[in-house]
Amino acid sequence: MQDKNAFLLLRDAKRIVVKVGSSLVTNEGRGLDAAAIGQWCEQLAALVKDGREVIMVSSGAIAEGMKRLGWAVRPKAIHELQAAAAVGQMGLAQVYETKLRENGIGSAQVLLTHADLADRERYLNARSTLLTLLQLGVVPVINENDTVVNDEIKFGDNDTLGALVANLVEADALIILTDQRGLFSADPRKDPNAYFVHQANAGDPALEAMAGGAGSSIGSGGMITKILAAKRAAGSGASTVIAWGREPQALIRLSQGEAVGTFLQAQTQKNQARKQWMADHLQLRGSVSVDDGAASMLRDAGKSLLPIGMTRVSGDFSRGDVIAVRDASGAEIARGLANYSSSEARLICRKPSSEFEKLLGYIAEPEMLHRTNLVLTR
Ligand SMILES: Nc1ncnc2c1ncn2[C@@H]1O[C@H](COP(=O)(O)OP(=O)(O)O)[C@@H](O)[C@H]1O
Ligand SMILES: N[C@@H](CCC(=O)OP(=O)(O)O)C(=O)O
């Protein structure tokens, strides 16, 4: 179902992932566009001050590295691209840090690879670090960790990375800023008759037929990766906007519900998507049984599960595995991602968090299952 003016949904978007492409960030490869980055940072800061949580996914490391190394032509050799990314990332992080600080907001650099998100434990680590940063009011600035990935295993374009980050933190919206006003029925660089698409359903196959590849030599994915990113983001309930990065105050205007760019609406609700994801993990790795107090905290008070409320740990599972929670009668009441492995859980079962350090030698989280990582199944 499509809303009459779906952009209005963005007024309630609490957690937003913004993605900017290489051509915008580096002024078509001429060098980091500090003024443009400054304007996005000013808007990100205003959104944080308005109580929103924002994550910036920024490309541009390779293009900026090439500029700094004096390379006019994009190298073909992977190790040279990786070297350029390492050089350029320094500049990228520096500009974001400066511009966000000038607006009174802290920033953090996070470099991710596909392997980080495919591995359950690293996935959970990335997720809790990002959620902690958001809670602290800090803006994470994310890019792919280009120096350690090769062609076969990289995201390649940051549109995909933006969508995976939106999935990871369960964002309400993904805003992709690019060098076009949004999606057209065909590449406007090639087809002067292409018409503008105001809004559509994310995942509509007709959109894939409209979208072409990159229009410039700087960008890498083109419109097709943005359409596929919108489909992927919709999987966890996030709608996507594709808008022109130089549109004045685009982020602020979008957050006020104004129609700027193309809106690709997610068809599933966030909670539903999460439940589905958990339900699909049928192969449970284990379970924990809980006492009546903990069961009621989970079921009735919407709280996390603390080890002190656990009575028994069953199975052999690792941090990040999906496990079931059973009440005193043995019935499953919830499932979620374990913060501790089964052997660690056995050590801290029935214990208060003040004792975790003594028992484990460290403390990861006070909860066995955090509220944001669990769904009630009964
Ligand atoms: N249907 C379409 N609508 C709009 N742009 C399109 C379409 N098909 C292909 N493109 C091209 O996609 C380009 C944007 O993608 P890309 O160059 O990868 O930018 P970015 O660096 O922002 O990711 C546009 O400049 C445009 O030429
Ligand atoms: N990680 C790469 C970005 C890859 C890329 O070109 O992405 P994009 O311009 O968003 O299509 C970099 O920082 O250069």
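## Annotated binding site

The UniProt annotation "binding site", from an unreviewed entry, covers Ser59, Asp146 and Asn158. UniProt positions are given in the numbering used here, feature names are shortened, and annotations may be inferred rather than shown by experiment. The three residues are spread over 100 residues of sequence but cluster in space, with a largest C-alpha distance of 11.0 Å. Ser59 sits in the loop between strand E2 (53-58) and helix H3. Helices (H or I, at least four residues) and strands (E, at least two) are DSSP runs, numbered from the N terminus.

This is a predicted model, in which local features need pLDDT of at least 70, side-chain atom pairs count only at pLDDT 80 or more, and totals for chains, interfaces and linings use all residues. Residues are numbered from 1 along each chain as its sequence is written, while chains are lettered from A and ligands numbered from 1 in the order in which they are written.

## Two domains

The protein chain is divided into domain 1 (6-270) and domain 2 (281-376); these bounds come from an automatic or database domain assignment. Taken over C-alpha atoms, the centres of domain 1 and domain 2 are 35 Å apart.

Six residues from domain 1 and seven residues from domain 2 make the contact; two residues are in contact if their C-beta atoms, placed from the backbone, lie within 7 Å. On the side of domain 1 that touches domain 2 there are three nonpolar, one polar and two charged residues. Ala, Val, Leu, Ile, Met, Phe, Trp, Tyr, Cys and Pro count as nonpolar, Asp, Glu, Lys and Arg as charged, and the others, Gly among them, as polar.

## The eight-stranded sheet

Eight strands form an open sheet in the order E3-E4-E2-E1-E5-E7-E8-E6, and the pairing is mixed. Two strands pair if DSSP finds at least two bridges between them. Strand E3 (107-112) and strand E6 (199-201) are at the edges with a single partner strand each, so one side of each has no neighbour in the sheet. Ignoring direction, neighbouring strands of this sheet are turned by 20° against each other on average. Strand E1 (residues 15-20) and E2 run parallel, joined by six bridges, and Val18 stands opposite Met56 in E2.

Helix H7 (residues 158-169) packs on this sheet and touches E1, E2, E3, strand E4 (139-144) and strand E5 (173-178), its direction making about 170° with that of E1. Axes are lines fitted to C-alpha atoms, for helices over the stretch in contact, and angles run from 0 to 180 degrees between N-to-C directions. Helix H9 (residues 222-234) lies across E5, strand E7 (239-244) and strand E8 (262-265), at about 170° to E5.

## The helix pair H3 and H4

Helix H3 (residues 61-69) packs against helix H4 (residues 78-102) at an angle of about 95°, and their axes are 6 Å apart. H3 and H4 are therefore roughly perpendicular to each other (angles of 65 to 115 degrees; under 35 count as roughly parallel, over 145 as roughly antiparallel and the rest as oblique). The contact of H3 with H4 has eleven nonpolar, four polar and two charged residues.

## The five-stranded sheet

A second open sheet, also with mixed pairing, has five strands in the order E10-E9-E11-E12-E13. Strand E10 (310-315) and strand E13 (374-376) are its edges, each with a single partner strand, so one side of each is left without a neighbour in the sheet. The twist averages 20° from one strand to the next.

Strand E9 (residues 286-290) and E10 run antiparallel and are joined by five bridges. Val290 stands opposite Met310 in E10. Helix H12 (residues 292-299) lies across E9, E10, strand E11 (322-326), strand E12 (332-337) and E13, and runs at about 70° to E12.
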